[in-house]
Amino acid sequence: MQTREVKVGNVIIGGGHPIVVQSMCNTRTSDIDASVAQCKRLYEAGAGLIRLTVPTLDDVQALAAVRERLRECGIDTPLVADVHFSSEIAIAAAETVEKVRINPGNFHKDFDRAKEQFARLVKVCKEHGTAIRIGLNHGSLGDRITTLYGNTSLAMKEAAMEWLGLCEENDFHDVVVSLKASNTIVMVEAYRLLARAMEERGMAYPLHLGVTEAGNGDSGRIKSAAGISALLSEGIGDTIRVSLTEDPVNEIPVAQYLADRYGHRLHSSMVSLNIEGGKATAVYEAPSRERFMLDMACDFGKMLLDRKIDDVEFRGSYRAADGSEIRLDGSEEAAYFSDELLQAARRRFYKPEYVACPGCGRTMYNLEETFNEVKRRTSHLKGMVIAVMGCIVNGPGEMADADWGYVGEGGHKVTIYRKKTPVLKHIPENEAIDRLLELIEGN
């Protein structure tokens, strides 16, 4: 998919340029020292864009201070302001940084009022040379669009096309679009629909890819690689973020692997493949565990998502950190990776499915520690979908697939959700996991 060029500071997204790797700080933007320090670490790790949350107008000033400090250090990586709901904050941020990420449908419940506010933002962005990312996540589309199309991939595509149409009416083209979901099937289908719709309309805006709330560890990496690679292999996607509930620096090597592989600078370590009766048997000679894990997710994620195969078996070997050879043939390790990949592609569930945001400056509790404890205590609940979300701003909407949700309120309080309904509010953080388990066991 040949897209137009969008300039974001000194970085160009689309137009055949290399895939841009990006990440997001999980510091509070108002903590300028911590935010600058994390931006430096992300820059050193290879991030081409760095996003920071901007929940208040005061945070716009903090963001400007972060940008100034980075420029004084010789770091010219473009910064992206992540804004929810407030067009006034988005407009102020557009005068400060190189790009603003918004969901314009959240500017106002009345669609016409939302369009008016979006048009104001577009005008300011044109004046300052600021790019916009229209970010429409599954579960945060708003009542109007879901009433028309349901909470579906089609709804995500239709919403994006509405806002792109308004950009064109205002002769504004410095736009990147994302349609993220934690469900890999929904995510892949949404981007494919949007790519096709833009082609039919003669549009060619760059696409930002990601599996949102992917979780952490092997599961988060495999799920992200499977979903993102399915699209990159079709030429869809110009910039990527791998969202992990970990130190954001850990996202960069995974995203860089994907950029290198689909920029044709890296090849799979698979040495042979046989497909028979819907089952793929693949032999690998991988230089590391991480490389094998990412290779196999990219080699077979798309096949599983598109139902070209139903199962996969891994043979061969990879090198451990100490240089020893780890054989896969018939091993528990091989079966584990097969199970993880099939779950990432939503073909077979062998454990609970977790939805967890990576955290940002709006998160007011230790998200990573809490998520790991929730996983430990719910590992027996095969097939259940459990969400652990950092904040009340977009957590309830974006855990649309979850059976149960743990959502931080701030002030060491938590709300527990049963599907989309809050069933316990203002629970002390030190009691919340116990209360979540009591509710699950009671049902």
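1. A cavity here means a set of grid points where a 1.4 Å probe fits but cannot get out. Keep in mind that this is a predicted model. Going by that rule, and counting those of 30 Å³ or more, you'll find three cavities.

2. Start with the largest cavity, which holds about 280 Å³ of space. Its lining takes in 25 residues, and the ones nearest the centre are Glu213, Pro358, Arg362, Asn394 and Glu398. What sort of residues make up this lining, in terms of nonpolar, polar and charged? Ten are polar, nine are charged and six are nonpolar.

3. Next comes the second largest cavity, at about 140 Å³. Here 15 residues form the lining, with Ala214, Ser219, Lys351, Glu353 and Tyr354 nearest the centre. The lining splits into five nonpolar, five polar and five charged residues.

4. Which helices and strands each supply at least two residues to the lining of that second cavity? Look for helices H8 (217–232), H11 (332–344) and H12 (367–378), along with strand S15 (353–356).

5. Now for a helix pair. Two packed helices are described by the angle and the distance between their axes. For H9 (residues 251–262) and H10 (residues 289–305), the axes come within 11 Å and cross at roughly 55°. That angle makes H9 oblique to H10, and their crossing is right-handed.

6. As for who touches whom, H9 brings Val254, Tyr257, Leu258, Arg261 and Tyr262. On the H10 side they meet Glu290, Arg291, Leu294, Asp295, Cys298 and Asp299. This contact is made up of six nonpolar and five charged residues, with no polar ones.

How values were computed:
Residues are numbered from 1 along each chain as its sequence is written. This is a predicted model: local features need pLDDT of at least 70, side-chain atom pairs count only at pLDDT 80 or more; totals for chains, interfaces and linings use all residues. Side-chain values use heavy atoms; hydrogens and water are left out. On a 1 Å grid over the protein atoms alone, a cavity is a set of points where a 1.4 Å probe fits but cannot get out, and a pocket is an open set with protein on both sides within 12 Å along at least five of seven lines; lining residues have an atom within 4 Å of a point. Grid points are joined across faces, edges and corners, and a volume is the space filled by probe spheres set on the points. Ala, Val, Leu, Ile, Met, Phe, Trp, Tyr, Cys and Pro count as nonpolar, Asp, Glu, Lys and Arg as charged, and the others, Gly among them, as polar. Helices (H or I, at least four residues) and strands (E, at least two) are DSSP runs, numbered from the N terminus. Axes are lines fitted to C-alpha atoms, for helices over the stretch in contact, and angles run from 0 to 180 degrees between N-to-C directions. Angles under 35 degrees count as roughly parallel, over 145 as roughly antiparallel, 65 to 115 as roughly perpendicular and the rest as oblique. A crossing is left-handed if the near helix is turned anticlockwise from the far one by less than a right angle, and right-handed if clockwise. Contact means heavy atoms within 4.5 Å.
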